[in-house]
Every structure is written in C-alpha cells, then in structure tokens.
Amino acid sequence: MMSAQKEPKHPFTPRLSRERIQETFVFGLLRGMTFFVLFCAAFLFWDILSKGAGKVFEGEGLINWEFLTEHPQTLHVIGEGEDEIKLSSSNYYRLKDEKMYEKWNTFQGTFDYNNKRNQLFEASKAIQNEWADQSLVLAEARFIEREQRKVSDKFSFWTELVTNLESTASDFEIKREEVLPMVSQFMLGHFEKERGRLQLLSDQVTLFRAQQYPKIENLTKENLKQIQLAYNQFLAQAPQTYNLAMREFGEEVTITFNDFYSKEGPKEFGRFAEALVAYSSVRQAFLEEDQNMSNWDDLQQCLSPFKEAMAVALPSRDFAYSGGGIFPAIVGTLLLVVGAMAISIVLGVFCAIFLAEYGKSGKFLSMVRLAILNLAGVPSIIFGLFGFGLFVIFLDWNVSLLAGWFTLAFMVLPIVITASEEALRSIPQGFRESSLALGATKWTMIKTSVLPFAMPGILTSSILGVARAAGETAPIMFTAAYAKRSELPWEGLEHWTDFFFQGVMALPYHIYVVSAKIPQNEYTADMQYGTAFIFLLLVVGIASLSIMLRNRLRKKYRW
Amino acid sequence: MGKDWVTNSARHDWYGVLPLLSGSLLVSLIALALAIPFGVGSAIYVNQVATAREQTFIKPGIEFISAIPSVLIGFFGIAVLGGMVSLIADERLNSLTAGFLLALMTVPTIFTLAEDALNNVPRALRDASLSLGATRWQTCARVIFPSAITGIISAILLGFGRVIGETMVVLLCAGNRIAIPDFTSGLGVFAQPVHTMTGIIAQEMGEVEFGSIHYRALFMVGIALFLIALLVNFLSQTIAGRYKASY
C-alpha cells in the first residue's frame with residue numbers, strides 16, 4: 001500500500017493545489033468514518049463487558065458462582081435507601097431459616113416449651129389413633145344416613161313444588177309454566193353448593209350433575225324421583241373416598257409427628273402442622289361435630305405457641321428473575337450447539353462428498369449449488385418458521401431439543417457444505433489416483449485416502465459456522481427454547497428418549513425474555529448485563545477458539 | 001396487501017401486510033442510509049489509504065462486529081442507545097434506534113464485500129491513473145471506484161438482505177407499534193415506532209392457534225419475506241457475475 005509521502009518543508013514550499021486540499025479532506029473524512037465504526041463497536045463491547053463484569057465478579061469470592069450455577073431466581077430487596085439489602089431467593093430463604101432456628105432455639109430454652117410439648121404430644125396421640133380406629137366404619141354409616149336425610153328433605157320440598165303447580169305458582173307469584181324451570185334452577189344451585197361443601201367429592205358431584213343434566217332440564221315428577229334415587233346411590237359410595245383420604249392424611253400425620261418427636265426442629269414441626277391442617281379439613285366434612293372433637297381444640301391451643309416461634313417476618317419487595325441464575329440457560333445453549341454441530345457436520349460432509357467427488361457438472365449440480373448459495377442468504381427467522389412447521393407441528397416433536405438441533409443444523413448447513421467441499425478439494429489429486437491405482441473402489445478411496453486428511457479442515461471450518469448458531473435466537477424461539485423451566489435437561493426423565501423431546505432454556509432466548517418480556521425496574525439491569533456478559537464470552541470464546549484451531553491445523557496439514 | 005393488522009379484536013381480525021412491510025422498509029432505509037457511506041467509506045480507506053499497521057487492526061476489528069450475536073446488539077439498544085435516541089425523539093424505542101443498530105450490524109457485510117471488490121481492481125488501472133498525474137483521491141473516485149461499482153452494489157444488496165431479515169434487533173428496539181408510518185410528519189417519520197415482518201413472526205408465532213387464519217397469515221408473511229430474500233440474493237449474484245465477467 002502507498003504510505004503518505006512526507007514532503008520536506010522549506011520556506012519556498014508551493015501552496016497546496018485545490019486537489020491536494022480536497023484529497024486531504026476526503027481521506028480525513030474516510031478515516032474518521034472508519035474509526036467511528038470501530039469506536040461504536042468498541043463502545044458496545046466495553047459497555048456490556050464493564051457492566052456485566054460487575055455482576056459476574058460481585059460478592060465475596062472472585063467469581064459470583066451463584067449467578068452461574070443457580071436457576072433463575074427472584075430478587076428479594078429488604079429495607080430501603082441506604083440500608084437496602086439485595087438477596088437472591090436461595091440466600092433469602094437461607095437467611096429466613098437462620099432466623100427461624102434462632103427464634104426456635106430461644107423458645108426451646110423457655111420453661112413453657114416442655115410444658116406445651118407434652119400437651120401437644122398427648123393431644124395428638126388421640127388424633128393419630130382415630131383414623132386407624134374401628135370408629136371410622138361407624139362414621140361411614142352415620143355419614144350416609146346424615147347426608148341422605150338432608151337430601152330427602154330437599155327432594156321432598158322440590159316434589160311438593162312440582163306436584164302442586166297451581167299453588168306454587170301463586171306462592172312465588174309466577175306463571176304456571178315457569179315453575180319447572182325454577183325448580184331445576186334450584187337443583188343446579190344445590191349441586192353447586194354441594195361441590196363446595198364436599199371438597200373431596202367435588203369432581204364426582206360435577207360428573208353426577210352432568211350425567212343427570214338432561215333429566216334436570218326436562219323436569220317431571222317421575223324424573224325427580226329418578227334423580228333422587230341416583231343421588232342416594234351416589235352418596236352411598238361416597239364414604240369410601242373419605243375413608244381412603246382419612247387413612248392417607250392420617251398416616252401422614254403419624255409420620256410427620258414421629259419425625260417431630262425425634263428431632264424437635266422447626267421444619268419438622270412445620271410439616272407436622274401442615275399434615276394436621278389437611279387431616280382436619282377432611283375430618284370436618286366426614287365426622288360430625290359431636291364425635292370426640294375436644295381433642296382437636298386442645299391441639300389447636302397447643303399448636304399456637306409453636307407456630308409463633310416459627311413465624312419469622314422478613315418483609316421484602318420481590319422482583320421476578322432479577323436475582324440472576326443462568327445455569328440451565330448455559331447448559332441448554334451448549335447442548336443446542338453440540339447437537340446442531342453433530343447433525344450439520346454429518347449432513348454437510350455427505351453433501352460435500354457428493355458435490356466434490358461424485359457430482360458430474362451439469363444442470364442438476366449447478367442448481368444444487370445455486371440452492372446452497374441461496375440458502376445462505378435466507379433470514380434466520382424463516383428457518384425458525386420452517387422448523388416450527390416441519391419439526392414441531394408436522395412431525396409432532398413439539399418444542400424440543402431435537403427440533404432445535406435440526407433447525408439450527410439446516411441454518412448452518414450452507415457454511416458447512418462450502419467449508420467441507422473446500423477441504424475435500426484441497427486434498428491433492430495424487431492421493432486419489434494412487435488409491436485408485438491400487439485397485440480400490442471409489443468409496444474405499446474416499447474413505448481411506450481423502451476423508452482422513454480432509455477431516456481436520458472440515459471440522460475446524462465447520463465449527464466457525466456453528467459459532468454463529470450459538471448466537472442465533474430467532475430459529476430456536478419457537479422450536480426449542482423455553483422461557484423458564486425448573487428441571488435441568490437430565491432431570492425427571494422417564495425414558496432416555498425423552499431427553500431429545502424436551503425444551504431447554506437457552507442464553508440468547510433468556511436475554512430476550514429478561515430484556516423484553518418481564519417488567520423492568522431498577523434491579524433488572526444488573527442481571528441482564530451479567531447474562532449478556534456470559535453470553536458474549538461464550539460466543540466470542542467459541543469463535544476465537546475455532547479460529548485458533550483452524551490456523552494451527554492449516555499449518556500442520558500442508559502438502 | 002391490506003392496510004391493517006389487527007389481532008385479538010372483539011369483532012373482526014385483519015391481516016394486512018402493508019404496515020409490516022412499510023415498517024421493515026423504513027428501518028432498512030435508515031440502516032442502509034447509514035451503513036452504505038460508512039461501509040463503503042471504510043472499505044475505501046482500508047484498501048487505498050490506510051497504512052499496513054492500521055490495516056492489521058481495522059480489518060479484523062470490523063469483521064469482529066459480525067460475530068456479536070444480534071440479541072446482544074438489541075439488548076444494547078434497549079439498555080443504552082434507547083436513552084440516547086430519546087433525547088431527539090419522543091420515544092426510546094423507534095425505527096431510528098433499530099436503524100442505528102442495524103447499520104452497525106450491516107457495516108461488516110458491506111465492508112468485507114466492498115473491500116474484496118476494490119481489491120480485485122487490476123493494479124495497472126491505478127498505476128496508469130497515478131502516472132498521469134492524478135491525485136490519489138482522483139484515482140480512487142474516478143478510476144477505482146467506478147471499476148468496482150458492480151461488486152459494491154452487490155455488497156449493498158447483500159447488506160439489504162441481511163437488514164430486512166434481521167429479527168432480534170427490530171423485535172427488541174423498533175417499538176412494535178403496528179401502523180403504517182405517518183409520512184406527513186416530515187423528518188419525524190424516521191422516529192416513529194414501527195413493527196416489522198420479521199418481528200411479527202417472532203412475536204406472534206409462539207402464541208397462535210395451529211391452523212387458524214392468523215397462523216396462515218404469519219406463514220404468508222414468512223413466505224413474502226423469503227421471496228424478498230431470494231430476490232435480493234438473485235440480484236446480487238447476477239450483478240456480481242457480471243462484474244466477474246468484465247475482467
């Protein structure tokens with residue numbers, strides 16, 4: 001290139017001509033533009049790096065491991081202004097636990113504790129025996145009797161309304177033909193109430209109502225009788241459900257009680273109290289008030305001081321997602337990249353072998369080349385749309401890793417094919433000829449004397465294309481990415497094939513979600529920059545690694 | 001080519017691509033208006049003026065921009081550039097914000113291809129011009145640039161293809177208001193929030209009911225986009241082919 005010539009300066013230097021001045025001006029302008037572009041890029045880079053580093057390197061250790069290894073968390077902000085403390089969910093609950101144990105220990109030290117504990121144990125022993133007792137069999141019969149009495153009261157009232165249409169009409173001041181619809185409305189309302197009262201049976205009541213609905217609509221005296229009969233039958237079955245639930249919840253009470261008895265910790269107590277509440281709600285519906293309820297009241301009284309000791313108030317303002325935590329997203333991105341790379345390299349290499357070794361130049365081949373060339377210019381969102389239509393919907397893979405892999409693979413395929421073909425063509429012709437001369441078939445020749453030498457070049461060039469796949473958001477938006485998922489990809493699999501048919505979180509999509517889909521506030525920026533920082537490092541890391549690898553291999557394989 | 005895109009309305013949904021197409025074109029116009037001078041200018045600078053030392057960092061530097069994922073550039077737009085744009089416009093996120101960022105993303109494409117084209121101009125042409133006494137700028141403007149013009153145009157077309165197909169930046173930064181820009185407002189037209197073809201697909205595809213008219217309308221938008229991309233590709237290849245033939 002030409003470098004600016006320095007002309008010697010002396011008093012008789014001629015004035016610069018207009019053209020020279022113009023030239024200096026224009027070149028200066030061009031130079032300014034070039035450096036402006038570089039400056040913009042550098043500013044973007046610096047902005048993300050500097051602010052993101054604040055999040056990633058904050059806290060006690062050198063690196064904020066929690067940010068990298070946790071699931072997305074809610075941020076809890078305690079206090080305001082100067083004394084404000086920001087805690088992510090895991091830390092917040094840890095602190096809450098600490099405070100709870102502290103309070104519990106003080107409570108345990110008091111005289112009251114032993115006293116109350118003994119009362120609690122005694123009172124709850126009776127409850128524990130209740131569900132295993134024969135009294136439940138008795139309760140079943142009483143339950144049926146009680147409920148059927150209530151039902152027959154209701155039905156006799158309705159029957160009366162239906163039989164004496166004239167007097168009902170005058171009583172309610174309505175027309176005669178409006179009586180039957182009114183009664184059916186009453187019935188529907190009654191079932192609605194029953195659904196609320198008989199909690200455990202609510203589904204069955206709904207089903208019953210739906211089955212009887214035609215009869216309720218065309219209400220006659222005969223129909224009413226049939227409905228009553230059916231309802232009585234239905235109620236006769238009901239206690240079994242309650243009985244089962246009592247045993248189940250009762251067992252839970254015993255287990256949690258024993259746990260509490262042996263450890264006497266606040267958490268064990270919490271579980272015990274929870275089991276008691278569940279048990280009591282079933283019990284109330286099943287057993288009448290007169291059946292040894294006195295124990296229950298005692299129990300409630302004994303529980304309250306323990307509950308007080310457990311309750312720790314730690315008022316905080318909560319901001320979803322702002323606590324950071326991007327581990328599932330990192331894992332998801334890596335999985336997507338590796339899978340897409342594998343698929344695209346297999347497909348791409350076979351395609352390139354065909355193009356470079358087998359394809360005879362002609363109309364067909366030039367069309368294939370044109371298609372590949374055009375594929376490279378198709379917007380990434382179109383690939384997403386294509387993947388959504390083909391893999392997610394037509395092949396019914398749903399939003400899954402597999403669908404994301406194939407979508408991304410198709411997107412980088414042009415790059416991989418071009419790179420592979422170039423690598424194959426750079427193998428000297430002599431390699432092929434010598435192999436063929438020894439009597440090898442064409443495929444053997446490719447397998448033994450072309451592919452092994454071309455493979456390093458293929459791999460490294462392809463990785464460069466795949467680095468692009470790591471940064472893309474649009475293709476995975478509706479083929480593979482979930483906004484939030486509580487399990488990691490290897491957790492909760494029923495069968496090993498499920499691994500491929502699950503959606504994952506991905507860093508680029510996560511950045512989109514946290515910067516556009518969640519409510520923004522003063523605490524979100526930190527986490528956003530931290531995520532962006534990690535993502536940038538990841539993408540730049542993959543890209544520069546592959547460039548380094550390529551340069552090294554290029555030097556190694558030369559002939 | 002309806003004028004409205006209204007979904008989830010109580011009465012009647014409209015699926016007209018015009019607001020989206022005009023939004024896409026407006027954003028592309030802004031982006032290209034910035035990216036062409038910067039991309040071509042820096043290509044000329046690097047190819048003709050820069051010293052060898054400058055070249056070693058300018059070229060990789062600009063090419064490195066294309067390695068930055070688009071969602072990060074969009075995020076930067078929301079976090080930083082939006083605030084700067086709001087100094088001169090009413091809203092933080094509008095076609096200007098998206099245009100600036102898209103320009104930054106397109107510069108590497110245009111720069112790389114234009115630089116290639118300039119590089120391919122035979123050296124003899126330049127030497128002949130300089131030996132006739134022309135200044136270097138005159139040589140650039142009247143000899144080298146015209147000879148490379150086809151390559152540069154094909155570079156610009158590819159840049160346009162990249163801009164119109166870009167999704168994340170416009171989805172995050174263009175403001176997402178579905179309306180045909182108000183062209184009567186003079187220069188203010190460049191600072192209105194718009195929605196784009198790529199943006200609408202990305203935004204609504206995930207929530208749409210399979211097989212509904214809305215679903216098909218979105219696929220139709222996708223097909224239109226695909227055809228535009230193919231046309232741009234085809235044009236740039238034809239032009240580049242002619243360029244190759246001329247030397």
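## Interface between chains A and B

In this predicted model, 48 residues of chain A are in contact with 49 residues of chain B. On the side of chain A that touches chain B, the elements giving two or more residues are α1 (18–56), α14 (380–394), α18 (474–477), α19 (507–517) and α20 (524–556) of chain A. Of these, α1(A) supplies the largest share, 17 residues.

Sorted by class, the side of chain A that touches chain B holds 33 nonpolar residues, ten polar residues and five charged residues.

## Domains of chain A

Chain A is assigned two domains: domain 1 covers 112–310, and domain 2 is written in two segments, 331–523 and 541–556. Taken over C-alpha atoms, the centres of domain 1 and domain 2 of chain A are separated by 60 Å.

## Strand pairing in chain A

Strand β1 (residues 73–78) of chain A pairs with strand β3 (residues 317–324) of chain A in the antiparallel sense, over four bridges. In this pairing, A:Val77 stands opposite A:Arg317 of β3(A).

β1(A) also pairs with strand β2 (residues 85–88) of chain A, again antiparallel and over four bridges. Here A:Ile78 is the residue that stands opposite A:Ile85 in β2(A). β1(A) therefore has two antiparallel partners, β3(A) and β2(A). In a regular strand, side chains alternate between the two faces of the sheet.

Technical notes:
Residues numbered from 1 in each chain as written. Chains lettered and ligands numbered in written order. Predicted model: local features only at pLDDT ≥ 70, side-chain atom pairs only at ≥ 80, totals over all residues. Contact = placed C-beta atoms within 7 Å. Nonpolar A, V, L, I, M, F, W, Y, C, P; charged D, E, K, R; others polar. Domains from an automatic or database assignment.
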